[in-house]
Amino acid sequence: MSRHRTMRAGTAGVAAASLFALTACGGGGDGASAWILTGGGWPAIEEDLERFEEAHDVEIDVEALENDAYKQQIRTAVGSGDAPTLIMSWTGGALLEYVEEDRVVPLDGETGDLESRVHESVWQNGVVDGSVYAVPLNDVQPVVLYYNQEVLDEHGLDLPETWSDVEDIIDTLDGVDDVDAFSLAGGSIWPAFMWLAYLTDRHGGEGAFQAVVEGEDGAWDNESIIWALETMQELGENGFIGNYNAVTADQNEDAQLLADGRAAFLLQGSWVYATINQDFPEFADSGNFGFTEFPVLEDGAGDPSNIVGNPANFWSISADASEEEQEVARTYLSEHLYNDETVDQMLDNGSLPPLNDIEDRFAGAEAEDFLTFANELAANANHFQLSWDQAISPSEEQAFGDALAEILQGSSTPQDFVDTMNAQ
Amino acid sequence: MTATASTDTAVRDTGAGKRRQGPTFLMALPAVLFFGFFALIPLGGVLVISFMEWNILGTPSWVGLDNWDTVINDRPFTWRALTLTLLFVVGSYLFQAPIALMLGVFMAGQQRYRAFLSVLYFLPLLFSSVAVGLTFQSLFSPYYGMSAALPFDWLPNDWLTNSDIVMYVMIFVVGWCFIPFHALLYQAGVRQIPADMYEAATIDGAGRIRQFFSITLPQLRYTIITSSTLMLVGSLTYFDLIFVLTGGQPANAVRILPLDMYITGFSANNLGHASVIAVILVAIGLTMSLALNKLSGSSKMESDKAGA
């Protein structure tokens, strides 16, 4: 049995071997360590950690993992006491479990002036039972609707403000070859969570999903969730791009379809703004790349200002790390996080740090338009819904993804979905 | 010393003694230790965990036979995964064995361009399966892959998500990776067949097809057994490429047992159920290898070199 230690994307496969070997790989050792993700704004975080290493003459071993591989490996690492010193999470169900199992240390009073600098609503995500266990590390990530102006012009379309506008757009594009309304990486499934979350929220408000998070019996059997699933199946027939189930987000195919004008819109996280600028600069600079908010459902009960996304990614400190490693991590959090240089770099990437009065620093940033848009979206939101896959308990996440995949593939009905999820 | 040595020889010569021959057990010790440490002990651990409830983060707790009961009786997907595994194993064998045999025989010959072509055939063996997976993922991409690039309208463009074809796509890609290895085994096997057998057959008037079936194939029987065992047990526990290419979706079409085990354990965080699946997998694998060994009579294997 070969035992790879590399943590790169895809080698997650090898982790199967650890089911036999029962030892988690990586982590531990000398010096502090941190695992981050690849793509989006993460390279800026890596550079920030490197600058900290130099400035403080300490060592932080940084590993960058692909999203899915990270989620699977971090849990094994934390569970086996081999976690990196700095544990990244999206808060939600995973952070709750870390705290319940005493795998992360409380950070009360150890985060410098961070609490006074960060938006209260974002900060609260890292608080469990009145204690701070995680602090935000990057940008607010609302899910927004990107569009390709060239496609809209060509077919005489306007930006959709209401759901019936969306239906008109779908009807118009129905007769057009090679252009569909919405690009969707259905093969990766998680981009479809965003549709489900927005549609449910517009139809029934934030309460519908809140009941699920609070573990109410049978909470999935909710008319808004069922309506959202039905609507997604209708969009699957007409609305989403033809082969949406075969499109994946790993290599940004969904963004490429928008850039290539194969789709008019793309519902994705704010990090895709950076992706499009990096990977499809021609489209980004053409003046056709735009962004807007999710349309209003005319007679829906949801507040149209509600948004879905991730308040940020968060750092926690591993309780299994040595005292020295924890000290390095605490210094990083209290003295270095969101320093001026890194904040400027984030702003240039179009990433919006969740800091108070951040709008004073937009002027002149390359991504000024997008930052202003995202900032208003986040600031005016009546409710900021954490991505569903993060909000639910980690042990339900796989079943949730599988059940939604069956909805997308048309092999099950919304009622099947609801029954499956209620049984979890 | 001399006396001992001569006694040894005497015993061996009469064939009556039961004393061990060959290298001492000490020389096998590293291998035995390695096997014990990395295979047997973890296997025991998996067996123990299969009786526990454990979400990786928390403390495992004893639940007796509950996991086994659930996985076998209350989890329809277990049987689905078993069926898929069977389909994958049989499909892979039917695809790989004939092609590997023919390639191996071809590469052992003296044809023109043989060396050059052999190098091409061997290439897949050198690539890491993750790299192969990502490359095929791009090739199978609906809008930017080969279906979009080629002018054939009949090509499907949902290779990896159409539950009717994805299993065959997997069998093809996995076969593409492993055929070179088995062809290499066959090439070595064919090279060992004495040339005089073919000369005699030619004098007797046997054509090439007749020579293949009457000389090559029978002479390769042990190679065929070895290669078949590796193929069958290998595809039973195969994981990497399918995981990289599909991530287990669509679940009803491609989530074979090893993948199901990984997803249950590390995505759904249910190590108890995953361990039950792992034990089932080990049981099937062991049974299969033992059965193959018995059926093929490999315990009676003899040298088949000319003159032996």
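Q: At what angle do the axes of H2(B) and H15(B) cross, and within what distance do they come?

A: Before the angle, a word on the model: it is predicted, so local features need pLDDT of at least 70 and side-chain atom pairs count only at pLDDT 80 or more, while totals for chains, interfaces and linings use all residues. Residues are numbered from 1 along each chain as its sequence is written, with chains lettered from A and ligands numbered from 1 in the order in which they are written. Helices (H or I, at least four residues) and strands (E, at least two) are DSSP runs numbered from the N terminus. An axis is a line fitted to C-alpha atoms, for helices over the stretch in contact, and angles between N-to-C directions run from 0 to 180 degrees. Here the axes of H2(B) and H15(B) cross at roughly 125 degrees and come within 8 Å.

Q: What does that angle make H2(B) relative to H15(B)?

A: Angles under 35 degrees count as roughly parallel, over 145 as roughly antiparallel, 65 to 115 as roughly perpendicular, and the rest as oblique. H2(B) is therefore oblique to H15(B). The crossing is left-handed, a label used if the near helix is turned anticlockwise from the far one by less than a right angle (right-handed if clockwise).

Q: Which residues make the contact between these two helices?

A: Residues are in contact if their C-beta atoms, placed from the backbone, lie within 7 Å. H2(B) brings Leu43(B), Val46(B), Leu47(B) and Ile49(B), and among the residues from H15(B) are Leu271(B), Ser275(B) and Val282(B). By class, the contact has eight nonpolar, two polar and no charged residues. For these classes, Ala, Val, Leu, Ile, Met, Phe, Trp, Tyr, Cys and Pro are nonpolar, Asp, Glu, Lys and Arg are charged, and the others, Gly among them, are polar.

Q: How do H14(B) and H15(B) pack?

A: Their axes lie 7 Å apart at an angle of about 160 degrees, so H14(B) and H15(B) are roughly antiparallel. H14(B) also passes H15(B) in a left-handed crossing. Met261(B) and Thr264(B) are among the H14(B) residues in this contact, and Ile277(B) and Leu281(B) are among those from H15(B). The residues divide into eight nonpolar, three polar and one charged.

Q: How many residues does each chain give to the contact between chains A and B?

A: Chain B gives 40 residues and chain A gives 34. On the chain B side, H14(B) supplies the largest share, seven residues. That side divides into 25 nonpolar, 13 polar and two charged residues.

Q: Is Arg208(B) buried or exposed?

A: A residue is buried if 20 or more other C-beta atoms lie within 10 Å of its own, exposed if 12 or fewer, and partly exposed in between, with C-beta atoms placed from the backbone. Arg208(B), found in helix H10 (residues 208-219) of chain B, counts as exposed because it has 11 C-beta neighbours inside 10 Å. Across chain B, 32% of the 308 residues count as buried.

Q: Which strands pair with E9(A), and in what sense?

A: Strands pair if DSSP finds at least two bridges between them. E7 (residues 141-148) of chain A runs antiparallel to E9(A) over five bridges, with Leu145(A) opposite Leu267(A). E8 (residues 180-183) of chain A pairs with E9(A) in the parallel sense over three bridges, and Ser183(A) has Leu266(A) as its bridge partner. As for burial, seven of the seven residues of E9(A) (263-269) are buried.
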